[in-house]
Amino acid sequence: MNAPHAALPVVVVMGVSGSGKSTVGGLLAVRLGVPYAEADDFHPAANIAKMSAGHPLEDTDRAPWLDAIAAWIAARGDLGGVISCSALRRRYRDRLRVAAPGLFFLHLDGSPELIAARLAARTRHFMPAGLLESQFEALEPLGADETGAVVPVDGGPQQIAKRALAALTG
């Protein structure tokens, strides 16, 4: 389904590591016919090294990363786009929303057990499963005043992407 680009917001696919942000974000972007960006690609090398060593990032580590993501979002204007970004805390989402007040947050939500099982099966990613607990502790659900939707991550990627598209367009 391709909609006119001018009518599309930029969508941030958010959630803890292992929730399927990259996979679902990529599928959603294809279905919408808009560019996709992976927020992990915006991390400076020092952040990746810190997380790879099993240390969670501090807000000072995240600031330049969030600013780079916000710049990508702002550059999308009214053309639409999809970017995956954990965006766990409200203040991080607020920082991104400055770049695009109409930003739509799609929160991929699953139980700690389901996400841990997915992380255990994942290879070739710098985020160790040991940091998952800290991500769930940091997660602040979308507020009633935030534009977005929560999508459960049970099921396969195509099914989750279909739910995500329905949440966005419904």
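Tyr 36 has Val 82 in S3 as its bridge partner. Three bridges join S2 to S3 (residues 81-84), and the two run parallel. Two strands count as paired if DSSP finds at least two bridges between them. Strands (E, at least two residues) and helices (H or I, at least four) are DSSP runs, numbered from the N terminus.

This is a predicted model: local features need pLDDT of at least 70, side-chain atom pairs count only at pLDDT 80 or more, and totals for chains, interfaces and linings use all residues. Residues are numbered from 1 along each chain as its sequence is written, and side-chain values use heavy atoms, without hydrogens and water.

The sheet is open and has five strands, in the order S2-S3-S1-S4-S5, with parallel pairing. Strand S2 (36-38) and strand S5 (148-152) are the edges; each has a single partner strand, so one side of each lacks a neighbour in the sheet. Neighbouring strands are turned by 20° against each other on average, direction ignored.

Contact means heavy atoms within 4.5 Å. Axes are lines fitted to C-alpha atoms, for helices over the stretch in contact; angles run from 0 to 180 degrees between N-to-C directions.

| Helix | Strands touched or crossed | Angle |
|---|---|---|
| H7 (residues 157-169) | S1, S4 (104-109), S5 | about 160° with S5 |

Ala 87 sits in the loop between S3 and helix H4 (90-97). Its phi is near 45°, a positive value in a residue other than glycine. Most residues other than glycine have a negative phi. Ala 87 is buried, with a relative accessible area of 1%. Buried means under 20% relative accessible area, exposed over 50%, partly exposed in between (1.4 Å probe, protein chains only).
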